[in-house]
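The following report describes selected features of one structure, shown below. Please keep the sequence and the coordinates at hand while reading.

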Amino acid sequence: MEPKYKRVLLKISGEALAGEDKTGINVEMTEKVAKEIKQLRELGVEVAIVVGGGNFWRGRSSQDMNRETADYIGMLATVMNSLALQDALLAEDVPARVQTSITMREVAEPYIWRKALKELSQKDVVIFGAGIGEPHFSTDTAAALRAVNIQADIILLAKNVDAVYSDDPATNPDAVKYDELTMRQVIDKDLKVMDLTAATICMENNMTIQVFGLSAENSMVRAVCGENIGTLIK
Ligand code: UDP
């Protein structure tokens with residue numbers, strides 16, 4: 001199989017790492033994700049990753065807490081997930097690094113753009129932790145921004161559903177599945193693929209996004225080989 005994309009940014013939500021547990025880190029799920037990432041690397045694809053933190057904490061759900069504090073807790077949650085994924089990758093003999101947007105030098109490397117590019121070109125997997133390091137943003141925005149920073153060919157947006165639908169397919173049986181969309185349509189139809197900040201960054205930088213379900217067999221490999229396994233957003 002010949003990869004269509006040479007450098008990809010994989011966005012995995014925190015919930016995806018929780019698997020059926022819904023919260024925390026599910027070891028089997030993390031291993032499954034690591035094995036798929038290993039396959040990408042074996043195809044010669046350069047892989048950068050942004051992991052969410054929703055399996056532990058989301059700033060916007062923190063009720064009375066100061067929003068800044070709540071978001072910093074959320075960013076720390078993404079670092080926990082990043083370290084778990086790094087560990088699972090190293091266990092598969094995949095060289096993997098974590099770069100964080102909030103410095104924590106005993107735990108991970110700081111985010112340094114040129115260093116990330118160098119590590120990617122030497123085929124190390126680079127996991128970006130702590131979002132963009134600022135409250136009031138999401139890891140979707142971090143994924144969009146880092147994808148632009150590293151000039152990724154595509155964002156692979158792993159979801160719990162297999163594609164983008166006109167409505168929630170779990171509650172509306174008439175929900176229509178979209179094969180292809182433009183980012184303008186995503187925004188105008190309010191399809192909630194990413195938040196508006198992330199969507200705008202992608203649109204302004206002509207970033208292509210493949211939305212897909214993590215549970216499908218070999219989903220990542222098929223996506224990098226150019227198969228539209230969910231919804232393609234251009
Ligand atoms: N977060 C933040 N700034 C960022 C990225 C994340 O403040 O640049 C915080 C925010 O509180 C968010 C939490 O980290 O709710 C976890 O990220 P996200 O909700 O994007 O995770 P996901 O839903 O993808 O698991």
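Gln151, which follows α5, has a positive phi, near 55°. Helices (H or I, at least four residues) and strands (E, at least two) are DSSP runs, numbered from the N terminus. The model is a predicted one: local features need pLDDT of at least 70, side-chain atom pairs count only at pLDDT 80 or more, and totals for chains, interfaces and linings use all residues. Residue numbers start from 1 along each chain as its sequence is written.

Helix α5 is largely enclosed by the rest of the structure, because nine of its 11 residues are buried. A residue is buried if 20 or more other C-beta atoms, placed from the backbone, lie within 10 Å of its own, exposed if 12 or fewer, and partly exposed in between. Among the buried residues of α5 are Thr139, Asp140, Leu145 and Arg146. The partners of the buried residues are as follows.

| Element packed against buried residues of α5 | Residue range |
|---|---|
| β1 | 7–12 |
| β2 | 46–51 |
| β5 | 125–129 |
| β6 | 154–159 |
| α7 | 196–204 |

Helix α3 also packs against the buried residues of α5.

The axes of α5 and α7 come within 7 Å and cross at roughly 20°; axes are lines fitted to C-alpha atoms, for helices over the stretch in contact, with angles from 0 to 180 degrees between N-to-C directions. The two helices, α5 and α7, are therefore roughly parallel to each other, a term for angles under 35 degrees. On the α5 side, Asp140, Thr141, Ala143, Ala144, Leu145 and Val148 meet Thr197, Ala198, Ile201 and Cys202 of α7, contact being defined by C-beta atoms, placed from the backbone, within 7 Å. The residues of this contact comprise seven nonpolar, two polar and one charged. Ala, Val, Leu, Ile, Met, Phe, Trp, Tyr, Cys and Pro count as nonpolar, Asp, Glu, Lys and Arg as charged, and the others, Gly among them, as polar.

Around the ligand there are 25 residues, of which Gly52, Gly54, Gly59, Gly74 and Gly131 come nearest; a residue is near a molecule if its C-beta atom, placed from the backbone, lies within 6 Å of it. Elements giving two or more residues to this shell are α1 (14–18), α3 (67–91) and α5 (139–149). The most comes from α3, with six residues. By class, the shell holds seven nonpolar, 12 polar and six charged residues.

Lys123 lies in the loop between α4 (113–121) and β5. Lys123 counts as partly exposed because it has 13 C-beta neighbours inside 10 Å.

Note on methods:
Contact = placed C-beta atoms within 7 Å. Parallel < 35°, antiparallel > 145°, perpendicular 65-115°, else oblique.
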